[in-house]
Number of protein chains: 2
Amino acid sequence: MQISLIGSGNVAWHLASVFVEKGNSIAEIYSRSLVNAQALSSELGAGVAQDHLDFSQSLSKLFVIAVKDDAIAEVVENLKLPKDALLVHTSGSQSIEILNQAQEKGIEIGVFYPLQTFSKAKKVDFSQIPICIESSHSASLDLLKQLAQSLTVHVLEINSKQRKRIHLAAVFACNFSNHLWAIASELLQYEGLSLALLKPLILETLEKAFEIQPKPAQTGPARRHDFQTLSEHFKSLDEFPIWKQVYQVMSASIQEMYPLGK
Amino acid sequence: MQISLIGSGNVAWHLASVFVEKGNSIAEIYSRSLVNAQALSSELGAGVAQDHLDFSQSLSKLFVIAVKDDAIAEVVENLKLPKDALLVHTSGSQSIEILNQAQEKGIEIGVFYPLQTFSKAKKVDFSQIPICIESSHSASLDLLKQLAQSLTVHVLEINSKQRKRIHLAAVFACNFSNHLWAIASELLQYEGLSLALLKPLILETLEKAFEIQPKPAQTGPARRHDFQTLSEHFKSLDEFPIWKQVYQVMSASIQEMYPLGK
């Protein structure tokens, strides 16, 4: 398939690479900065770099927007696409409706959302990554499904409401967990200790959560309603008021999930 | 070494097994319930089961208390040990001082705390587990160090204050993270989705946290001070008041760690 990339950040970089790897060809790569578009194009050995959004002469079928969430609307407004194009964005938090302006011009629209975080330095194994696709045109949905299935076995049709929920759940499961590890790390540093100490325990906790589900796997003083330990921990956080609040709310939430005597 | 186990729960079970595996012999196993002590003794093919705390005739050097935290004090009160015994507990949250009553009777005391969570069904690879040891007697500390080093390369001398800090950090890093995964799982279930979707993302988050440390690895709307997404997420949690509080406090704590403009 002929594909054009709109964006040259981490997501564009990884998607373009895997598209090429799977036998697709990249026609154009857009970036506001021509240098960035050229960097990606020379890395791929494919794709014409451009810093304007006029794709009206492009031979591509699929146009993939992979820019920051708050830049999508402006891109859509200025985009010129050939008549039979399919335009998708790759964002977890944005509705398909942000592409409506293109649809009004007769362009088919959709979403192609890989559920992973990307760093430029690190090669990604797409075969393990869920890809969430959405389109109200059945031919476009089929095309996205085919493309996604060439990258991974985990392809899901996900509507915009579900995708927003996935994004919210990921904030809890990933962003917030990472912050808890940051807190743990600082708490240990004050005693001259390292977070590496807790790595085996964190790995085991994660393994168990996916083996038997996190709800039955829950342990700890809040789960046991062990008020003595809770109050000792609470007191020991006097120097760290915001972490004390985190401790208090997380413990309250655990106790609500496992009411005493149940 | 001759070792006696006081307790027959998960920790006692795993420690006894690995002690035997490494060539030590188990002299006695105590449980309040003789049946439980016998179950462990027959599993090991070693150790005399008993349901009383009189070890005065024991040939063991080391006595390992592996009972629930709130049962330790009562065990120590009723324990009868031979004169040259070394008594240790295995708890992360209890000070060494809970053994003082034994020390007053001339017994040496210490702590032998394996930093892992144990399930009866699952074999544990001790070689990857940090073991925290403590004793104010240098000969006893040496003996504990030797025993710990026969199980793992990660042996640390940790005082009671540090051990309490490790336990607190583990509550943040493990118990609370697991609860966040439970929340994410329920949020997804309401949309007909499964937590398994997020597994690659969670694994990548964890990997990155240990690769570059969790603080620089932090991502997400709170880290970016992306108020639009924060307020959308906040609104979408109206039906789940306690999780809304979790979202609010976690986001506030992240924003405090990464002040705007820094």
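Here are some notes on the predicted model of chains A and B, point by point.

1. Some housekeeping. Residues are numbered from 1 along each chain as its sequence is written, and chains are lettered from A in the order in which they are written. As this is a predicted model, local features need pLDDT of at least 70 and side-chain atom pairs count only at pLDDT 80 or more, while totals for chains, interfaces and linings use all residues; side-chain values use heavy atoms, with hydrogens and water left out.

2. Start with where the two chains meet. Chain A and chain B each put 85 residues into the contact (contact means heavy atoms within 4.5 Å). Between them they bury about 8400 Å², with 69% of that on carbon and sulfur atoms; buried area here is the accessible area (1.4 Å probe) that two parts lose on being put together, summed over both. On chain A's part, Arg165(A), Phe172(A) and Phe210(A) supply 9% of the area buried against chain B, more than any other three residues.

3. Next, the polar side of that meeting. There are 28 residue pairs in polar contact between chain A and chain B, both residues at pLDDT 80 or more. A polar contact is a pair of N or O atoms within 3.5 Å; within protein, one must be able to donate a hydrogen and the other to accept it, and residues adjacent in sequence count only if both atoms are side-chain atoms. The elements of chain A that give two or more residues to the side touching chain B are α6 (160-189), α7 (199-212), α8 (214-217), α9 (227-236) and α10 (241-257), and α6(A) gives the most, with 27 residues. Helices here are DSSP runs of H or I, at least four residues, and strands are runs of E, at least two, numbered from the N terminus.

4. What about charge pairs? The count is 14 salt bridges over all chains, and 4 between chain A and chain B. A salt bridge is a side-chain nitrogen of Lys or Arg within 4 Å of a carboxyl oxygen of Asp or Glu. Lys161(A) pairs with Glu191(B), closest N and O atoms 3.3 Å apart. That pair crosses from helix α6 of chain A to the loop between α6 and α7 (199-212) of chain B. Lys161(A) counts as exposed at 59% relative accessibility, whereas Glu191(B) counts as buried at 16% (buried is under 20% relative accessible area, exposed over 50%, partly exposed in between, with a 1.4 Å probe and protein chains only).

5. Another crossing pair is worth a look. Lys215(B) forms a salt bridge with Glu186(A) at 3.2 Å, running from helix α8 of chain B to helix α6 of chain A. Lys215(B) is partly exposed, at 36%, and Glu186(A) is buried, at 19%. Glu186(B) and Lys215(A) also form a salt bridge, at 3.2 Å.

6. Thr152(A) sits in the loop between α5 and β8 (155-157) of chain A, and counts as buried at 4% relative accessibility. A polar atom of the Thr152(A) side chain lies 3.3 Å from the backbone oxygen of Ser127(A).
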